[in-house]
Amino acid sequence: MIRFAIKMTFWGFLGLIALPSLVPGETPATETSRPETGANLETTVHAARVAGAVAQEVGSICSRQPALCESGRALADAAIARAQEGLVVASGLISRARTAEPAPEPADV
């Protein structure tokens with residue numbers, strides 16, 4: 001289930017990045033928690049510990065290679081800005097679709 005959520009987040013983020021370039025003429029205006037059983041809790045605790053170790057390792061990369069960290073930060077900032085533009089475009093498309101009048105029904109001949 002978490003794998004699905006990660007994949008959907010990844011592909012949704014890429015979709016938001018690509019959306020502004022796919023919609024011509026658009027200019028941007030400016031998990032539900034559930035109780036866990038004992039086995040799931042043990043797996044979750046283990047996953048949290050592993051994630052903490054990975055976060056600690058990733059955090060130490062910046063002290064070892066500051067140039068890599070700066071370029072990664074610039075790339076992330078650009079991707080997030082592009083995704084925000086995509087979100088504005090998607091929001092505009094959804095609001096326009098909600099307020100649009102229904103298409104006229106074809107006349108009987």
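How many salt bridges does the count come to in this structure? Before I go through them, please keep in mind that what we have on the screen is a predicted model. The count comes to three salt bridges, and I will take them in turn, together with the accessibility of the residues that form them.

Glu57, at 42% relative accessibility, counts as partly exposed, whereas Arg64 counts as exposed because its value of 51% lies over the 50% cut-off.

The other two pairs take us to helix H3, which covers residues 66-99. With 34 residues at 1.5 Å a residue, this helix should span 50 Å, and the 49 Å between its end C-alpha atoms agrees with that.

Within H3, the side chains of Glu70 and Arg73 meet in a salt bridge at 2.9 Å, N to O, and these residues are three apart, about one turn of the helix. Glu70 is partly exposed at 47% relative accessible area, and Arg73 is partly exposed at 43%.

Also in H3, Glu85 and Arg82 sit three residues apart, again about one turn, and their side chains form a salt bridge with an N to O distance of 3.9 Å. Here Glu85 is partly exposed at 31%, and Arg82, at 29%, counts as partly exposed.

As for the spacing, an α-helix has 3.6 residues a turn, so residues three or four places apart point the same way.

Finally, the buried residues in H3 are Cys69, Ala79, Ala83, Gly86, Val89 and Ala90.

How values were computed: Residues numbered from 1 in each chain as written. Predicted model: local features only at pLDDT ≥ 70, side-chain atom pairs only at ≥ 80, totals over all residues. Heavy atoms only, no water. Helix = DSSP H or I, 4+ residues; strand = E, 2+ residues; numbered from the N terminus. Expected span 1.5 Å × (residues − 1). Buried < 20%, exposed > 50% of the residue type's maximum accessible area, 1.4 Å probe, protein only. Salt bridge = Lys/Arg side-chain N within 4 Å of Asp/Glu carboxyl O.
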